[in-house]
Amino acid sequence: MTATLVRPPGRRPVAAGPIGGTVSVRSVVVGLAGLVATAAVAVFSISHGSFTIPPGDVVDTLLGGGTAAQKLIVLDLRLPRILAALLVGAALAVSGALTQTFARNPLASPDVLGVTNGASLGAVAVIVLGGSSVIGVPLAALAGGLITATIVYVLAWRRGVDGYRLVLIGIGVGEIAIGGVNWFLVRAEIIDATRATIWLNGSVAGADWDQVRPLSTALVVLLPLAVATAFTLQALQFEDDVARALGVRLQLAQAAVVLTAVALAAAAVSAAGPIEFVAFVVPQIALRLCGGSRPPLVVSAVLGALLVSGADLVARTALPGRELPVGLVTAIVGAPYLLWLLVRTNRRTT
Amino acid sequence: MVATVRPARRAPVTRNRMGALIALVVAVFLAFVLSLALGAQTLSPAEIWHAVIAPDPGSPATAIVRDLRLPRTVLGLLIGLALGAAGALMQGHTRNPLADPGLLGISAGASFAVVIAIQFGVTGLTGYIWFAFAGALLASLAVFSIAAGRRGGPTPVTLALAGMAISALLSSFTQSMLISDDASLNVFRFWVVGSLSGRGTEVAVEVAPFIAAGLILALANAPALNALGLGDDVARALGQRVLAARTVGVTAVVLLAGAATAACGPIAFLGLIVPHAARALTGPDHRWLIPCSALAGAATLLVADVIGRLVVRPAELQTGIVLAAVGAPFFILLVRRRAGVVKL
């Protein structure tokens, strides 16, 4: 008897040393197209500004050439900002893809784990109470996000964590944090309220190397971790019992996925504020472009970087002399695209 | 010998649904009376009775009850009923525990319209009502028509995703209008927190018919919603007209949540948690869940409003903040119980 291996259509076998599997051709095409577009946006964004540098010179400077003035503008002023946008986008998108798969809910985003709202509470508290000189808004946001997510996880623990209960407790705890944010906003002076509102909209405008370095370190550790959980994610998208039957150690796998998602979101929010919509929309867009049963991780990372860097470019060039918060533009760009994908899919299937 | 295998003995989770319904009616009544009695000045039951039955124009108790507390309490009752029922409907129709009554774009549409109203120089809470209602209506209409395919109507997933996308788009527009306009932000930030205070009798009278119609539609929609919970195809095979049931349900949500948001600002969170709490009492049957969720919503909102009046006397804490501070911890405790999580 010979066993017949049935390969799903549209997938090609790949092998790297002892690890092998199949890769969807469509995902590879979408991912590569996304990478090219992201690179184009990045170069254009660096070249564009109050002092325009031709794209050719930008590439030259990035590769080590260029004049001293070009080096200053490209490497010290504009590169950190675009890198922050790329990294934040990738982190949020992967965090969202992990959360949506684990919670088995397309509406889930890191918000339901309490990270975003907790980070907002930390940051707004520091802004309104005037402690920003002591602890710094990014650090307050990071602490707020991680503490809140820990509280959610601990409260959801009853001889193991059930995903459904975790989500319900997450929205409860998240709501307490939002209540706190609103309370601070109402009792704040209007100047502080405005500052807090700007932070709450999310922005990478002030990013410099001091913010990019920790963020990129976090991503270098966390993105491979996220991809490593992909094998268990494949099983986690089914019911808990099915996942167990498939040989997944449920609590361990869930904890790894939640921890990775929380850490990615916390790193991103602390660097740029809550750019909430990215974590929801990018995995859904990636899922619809690539097909499959759950949001793809790597393509989500690429498209997240593309969305946030593109939105940042629009945010700083759309209105002369004034910058929009990037968090607003991500929704204005991303939402219509998702709506169009929904309408198109509806037409085809009905 | 064949060994008989007995299923493992499990303590059944018994639910006394009639008992829960009666208890909730009593709770709403008590909350109603408390809301009339407590505040900056505490009134005795006798004083309330006289003020309601035999008003004496000269007495301060009559003025407090009839002019201030009665309109506010009636409004709280209406809004609580509306949000509780709308939340249960919305979670049923999207089959999603994260759905809140504002998900159809209602909160975001209403907020957007209110900011436009502020920019046009409309002032006063009553002035915002019709703007908010119109915004909620237009936004949810857009969500429904985008989510619906050519035929068959929207599926739970497309409804939820389209709602989320439209909401995000509209709130981005709202925020970008506010970010350059401190004066509007200063007005808007009080509207957006959500509160029952400062709304006179006319607000309650204006939204009451919409909420009544919405509640009737919601109750009528319950049996169909039970069938839809089995999946659209199964429901169709059982003889349900899926598109009609979906349309009735969404119309009810728009009437209920639209009127509530117009009257009190976006307090959608109430409609997110209350159905989960009610489901723990009644189980997933919508014929019980929708009335119980409505009553639980009313009781919760009235109690939160009373607490908001008491903690910082004689000033007030906004209802939305009290709900987050008191309602959310209670909800977390409930969910942590063994039988606390009833899946959709």
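This is a predicted model: local features need pLDDT of at least 70, side-chain atom pairs count only at pLDDT 80 or more; totals for chains, interfaces and linings use all residues.
Let's start with chain A by itself. It has 14 helices and 2 strands. The C-alpha trace of chain A spans about 70 × 50 × 45 Å along its principal axes. How does its radius of gyration sit against a compact globule of 350 residues? The globule would come out near 20 Å, and chain A has 21 Å, so the two agree. Of the 350 residues in chain A, 54% are buried. Now take the contacts in chain A between residues at least 6 apart in sequence. Of those, 71% join residues at least 24 apart.

Next, the interface. Chain A brings 53 residues to the contact, and chain B brings 51.

What about charge across the interface? The count of salt bridges between chain A and chain B is 0. Polar contacts do turn up there: 5 residue pairs, with both partners at pLDDT 80 or more.

Now the helices on that side. Five names to look for in chain A: helix 5 (137-156), helix 6 (163-187), helix 7 (190-201), helix 12 (276-290) and helix 14 (326-349). Each supplies at least two residues of the side that touches chain B. Helix 6 of chain A gives the most, with 15 residues. Sort that side of chain A by class and you get 35 nonpolar, 11 polar and 7 charged residues.

On to salt bridges in the whole structure. Side chains of opposite charge can pair when their charged atoms come close. A search over all chains finds 11 salt bridges. I'll walk through a few.

Take R81(A) and D312(A). Their closest N and O atoms are 2.9 Å apart. R81(A) is in helix 3 (residues 68-103) of chain A, and D312(A) is in helix 13 (residues 297-317) of chain A. The pair therefore ties together parts that are 231 residues apart in sequence. Are these two partners buried or exposed? R81(A) counts as buried, at 12% relative accessibility. D312(A) is buried too, with a relative accessible area of 2%.

Now R244(A) and D241(A). This salt bridge has its closest N and O atoms 3.1 Å apart. Both residues lie in helix 10 (residues 240-245) of chain A. They are 3 residues apart, so about one helical turn separates them. R244(A) is partly exposed, at 46% relative accessibility. D241(A) counts as exposed, at 55%.

Over to chain B. R236(B) and D233(B) meet in a salt bridge at 3.3 Å, N to O. They sit 3 residues apart in helix 9 (residues 232-237) of chain B, again about one helical turn. R236(B) is partly exposed, with a relative accessible area of 41%. D233(B) is exposed, at 61%.

One last item in chain B. R17(B), D285(B) and R287(B) are linked in a network of salt bridges.

Salt bridges between chain A and chain B: 0. And on the chain A side, helix 6 gives the most residues.

Conventions:
Residues are numbered from 1 along each chain as its sequence is written. Chains are lettered from A and ligands numbered from 1 in the order in which they are written. Side-chain values use heavy atoms; hydrogens and water are left out. Contact means heavy atoms within 4.5 Å. A salt bridge is a side-chain nitrogen of Lys or Arg within 4 Å of a carboxyl oxygen of Asp or Glu. A polar contact is a pair of N or O atoms within 3.5 Å; within protein, one must be able to donate a hydrogen and the other to accept it, and residues adjacent in sequence count only if both atoms are side-chain atoms. Helices (H or I, at least four residues) and strands (E, at least two) are DSSP runs, numbered from the N terminus. Ala, Val, Leu, Ile, Met, Phe, Trp, Tyr, Cys and Pro count as nonpolar, Asp, Glu, Lys and Arg as charged, and the others, Gly among them, as polar. The radius of gyration is taken over C-alpha atoms; the globule rule is 2.2 Å times the number of residues to the power 0.38. Buried means under 20% relative accessible area, exposed over 50%, partly exposed in between (1.4 Å probe, protein chains only).
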